[in-house]
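Hi,

Here is the structure I promised to pass on.

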Amino acid sequence: KSVGEIKVNNKGKVIYINMDFVESVKVETAQSLAIKALDVIGEENLKYYEVQYIITCKDNENFPIFGSKNANSLKVVW
């Protein structure tokens, strides 16, 4: 309910995920919700695709947050 808009775009071997929060959230909460998107993509696809995140929230000065996941790793780096 705190997520306003999610845009997903695939270009080549990179999946871009832009998440915009409409309510102020903690950075850790936003990051954990973003990581849940990896479950939808699936582990087999994650071995091929890289994922790039941009997380925004107008009500919080700690945003935007940028993250990425390399195809050779299942870990997201913020």
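Which residues does Val-77 touch, leaving out those up to four places away in sequence? Phe-66, Gly-67 and Ser-68, where contact means heavy atoms within 4.5 Å.

Before the rest, some ground rules. This is a predicted model, so local features need pLDDT of at least 70 and side-chain atom pairs count only at pLDDT 80 or more, while totals for chains, interfaces and linings use all residues. Residues are numbered from 1 along each chain as its sequence is written, and side-chain values use heavy atoms, with hydrogens and water left out.

Back to Val-77: you'll find it in strand E5 (residues 76-77). Strands here are DSSP runs of at least two residues, numbered from the N terminus. Val-77 has a relative accessible area of 52% and is exposed (exposed is over 50%, buried under 20%, partly exposed in between, with a 1.4 Å probe and protein chains only). From Val-77 to Gly-4 there are 73 residues in sequence and 23 Å in space, C-alpha to C-alpha.

Lys-69 sits in strand E4 (residues 65-69) and is buried, yet has no salt bridge. By salt bridge I mean a side-chain nitrogen of Lys or Arg within 4 Å of a carboxyl oxygen of Asp or Glu. The nearest side chain of opposite charge is Glu-50, 7.7 Å away (Lys and Arg count as positive, Asp and Glu as negative; His and the chain ends are not counted). What the Lys-69 side chain does reach is backbone oxygen: that of Ser-73 at 3.1 Å, and that of Tyr-49, which lies 3.4 Å from a polar atom of the side chain. Again leaving out residues up to four places away in sequence, the residues that Lys-69 touches include Leu-38, Leu-46, Val-51 and Val-76.

The salt bridge count comes to one. Lys-7 and Glu-5 make a salt bridge at 4.0 Å, N to O; Lys-7 is partly exposed at 49% relative accessible area, and Glu-5 is partly exposed at 41%.

Now the backbone. Strands E1 (residues 3-11) and E2 (residues 14-21) run antiparallel and are joined by eight bridges (two strands pair if DSSP finds at least two bridges between them). Asn-10 has Ile-15 in E2 as its bridge partner. The hairpin of E1 and E2 has two residues between the strands, and Gly-12 there takes a positive phi near 65°. Finally, the peptide bond from Phe-63 to Pro-64 is cis, with omega near 10°; Pro-64 is in the loop between strand E3 (50-57) and E4.

Cheers

Methods: Helix = DSSP H or I, 4+ residues; strand = E, 2+ residues; numbered from the N terminus. Polar contact = N/O pair within 3.5 Å; in protein donor to acceptor, adjacent residues only side chain to side chain.
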